[in-house]
Amino acid sequence: MSPDAKPRVAVFKMASCDGCQLQLLDAEEALLELAGAIDIVNFAEASSHMEPGPYDVTLVEGSVSTPEQEEQIREIRRGSKVLIIIGACATSGGIQALRNATGKHEEFVRAVYPTPEYVASLEHSHPIADYVDVDLELTGCPIDRGELLGAISSLLRGAMPRISTSPVCVECKRRGYVCVVVAKGEPCLGPVTRTGCGALCPGWGRGCYGCFGPAQSSNNADALGRRFVDLGLTTKGTADRFRFITGWAPAFREAADELEEEAAT
Amino acid sequence: MTHRSVEVPVIARVEGEGALHIRVEDHTITDLRLEIYEPPRFFEAFLRGRHFSEVPDIVPRICGICPVAYQMSAVHGLERLFGVQVPEGTHELRRLLYCGEWIESHVLHVFLLAAPDFLALPNAIEMAKTHPELVKTALEIKRVGNDLMAVIGGREIHPVSPRVGGFSKAPRRKDLEALLPRLEWALEQMPGIGDFAASLPSPALPRPAELVSMVNEDEYPLNVGGMGSTGGRRFDATTYEEVTREVHVEHSNALHSVMADTGTPYFTGPLARVNLNAQLLTPVARAVAERTGLRVSESDPFFSMAARLAETTLAIEESIRLIRDYVAPDPSAVEVTPRAGRASWTTEAPRGTLYHRYDVAGDGTILEAKIVPPTSQNLRHMEEDLRIFLPDVLDRPDEELTRLCEMVVRNYDPCISCATHFLRLDIERA
């Protein structure tokens, strides 16, 4: 891009709830300010004016869930200098990836849609990185608005944004919250989940349910799972804790698989 | 014979993804399809086997714009099945949270999604250039709604505090009171915003319609009430699936709802609520309704924007009242013991009635779930609107025709992500 031209930004969605792009619309005043620094040239949810690519920065929400989307994401990648994927669906397949572990997709479609041949859907809900290289992943269900705006401003300054990878537990201690596991005996995924939410759930008196996905050092998921069983959860109930919003992320998937195997034996 | 096709491959400024195909031959519409290509996400399928306590964290993921609606239909239904007595003040706090969602969703729709149409502008950023003060005011009102949700729910998109039995934590009175000056300011702005809406040149779509919403004798219905229609029907959540019926059509990943007995479409949302609950409008909301020319018994979908503004005003007035009277529920939640049976409930999402039904096992495991979102209930009605509206405007240039068609669809503030996740769950088990 030429130095005086504003970066051309596009926003697309795949299978998702729209909540992550809504974080951009919810940025309100910041959005109007950003509009002075960037050109949002394609954002179907916000504007009926849609320009074709290429784009300098593309934000994509949602998981790849249909045959058309497999093609669409490759095309988006080809037309984007920087590809940022936003949210649990884009980064780990999202809650709709709960179908992945069941092996029952076809049965779901056939059994539950009155006319299954009208429905085109992939067996798995895929994170975008299954198909194309991505430049930056912002996790969260939804993503944190501050992280999103911070990432966009970094890019405007020509720097790749740095995203915290530490667990919720660290943030929770830093804020001085009472530990919900210790005080309430409530299962909490804080030790293995990436922060970004500001330790939201423990701050609201409940256990973390993992919506920002695994933290970088989440290899103690097994030990945490055993702790949940000690707290009174069934093995199946414990597996479900991992198999949730970001359950298809490898670290959580493996923990859930192991627990389910255990439950089956 | 002349042919003309109108293709709107991506309907802009709606939540989720849809397209519109129209074929015209000799001034007659020979094909009209509102295509919903948002992929199915199978919520009802993976709800099966989950513990009831997880439902308030699962169902909001259907929609980032109306997560509270999903949480509320779920927690009320499950609490009724389990015979839970929630702590005093819970009803009021839930209503307050829901008011936050109505404010945020309605203002988002009116100003960021719908109003640019009436000014023939592509988006709110352009509108911010032609109407800077108005857009700034609207965004500030929307922000109050968002902040109200965040103070009660922890965050406005997918709040974390609502649970079966109450809230994981109740907000402090002083945190809610801190919002009062902004809510009072917002209320003062609403009559002027009503005047702005009344000044917009609007198409008209007079048509007979059966409008459906919750009804309540004591308070404008959000969380609690029976069902009513302008056709004189009275029913409730327990008979919802007998009174209405869903139809699967080829071009849509969303099912269409019709009345079971007549097979006719119906229309849910703000205009229906105002129609059926006009006597419960709060004073300033009533004044705003009058200034926008909104009459009770109005069924022209183009009056939806006026109804949304009246309801935004009502939600602000109710928020002020609820915060002034707020006493934090203590404890914030009660323990819940599940029991087997069927949980059915409706609440009023910003875009219309949201029906949930859960069949639950004795240990609290969800056996079956059914969710009927407002947009799917309105889809058939939207297609019918287009068939009625189009013949008079068919000679307009493509660009204008496209805009007009989108306006007809946008009257319903469709939430396509909501409408698409759902499935019929009458599973035949081998």
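Let me start with two helices in chain B. Helix H13 (residues 374-389) of chain B packs against helix H14 (residues 398-410) of chain B at an angle of about 140°, and their axes are 9 Å apart. Please keep in mind that this is a predicted model. The crossing of H13(B) and H14(B) is right-handed.

Which residues meet there? On the H13(B) side they are Met382(B), Asp385(B), Leu386(B) and Phe389(B), and on the H14(B) side they are Cys405(B), Val408(B) and Val409(B). Sorted by class, this contact has six nonpolar residues, no polar ones and one charged.

Now the chain around those helices. Chain B contains 15 helices and 14 strands. Along its principal axes, the C-alpha trace of chain B spans about 70 × 60 × 35 Å.

Next, a sheet. As background, the strands of a sheet pair through backbone hydrogen bonds, and they do this either parallel or antiparallel. In chain B there is an open sheet of four strands, in the order S8-S7-S6-S11, and its pairing is mixed. Which strands sit at the edges? They are strand S8 (234-235) and strand S11 (267-268) of chain B, each of which pairs on one side only.

Strand S6 (residues 211-215) of chain B and strand S7 (residues 226-229) of chain B run antiparallel, and four bridges join them. If you want a place to look on the structure, find Val212(B): its bridge partner in S7(B) is Ser229(B).

Last, chain A. Where the domains touch, domain 1 of chain A supplies 14 residues and domain 2 of chain A supplies twelve.

On the domain 1 side of that contact, helix H4 (residues 87-92) of chain A gives the most, with three residues. The residues on this side of domain 1 of chain A divide into six nonpolar, six polar and two charged. For the helix pair in chain B, remember, the classes were six nonpolar, no polar and one charged.

That is all from me.

Note on methods:
Residues are numbered from 1 along each chain as its sequence is written. Chains are lettered from A and ligands numbered from 1 in the order in which they are written. This is a predicted model: local features need pLDDT of at least 70, side-chain atom pairs count only at pLDDT 80 or more; totals for chains, interfaces and linings use all residues. Two residues are in contact if their C-beta atoms, placed from the backbone, lie within 7 Å. Ala, Val, Leu, Ile, Met, Phe, Trp, Tyr, Cys and Pro count as nonpolar, Asp, Glu, Lys and Arg as charged, and the others, Gly among them, as polar. Axes are lines fitted to C-alpha atoms, for helices over the stretch in contact, and angles run from 0 to 180 degrees between N-to-C directions. A crossing is left-handed if the near helix is turned anticlockwise from the far one by less than a right angle, and right-handed if clockwise. Two strands pair if DSSP finds at least two bridges between them.
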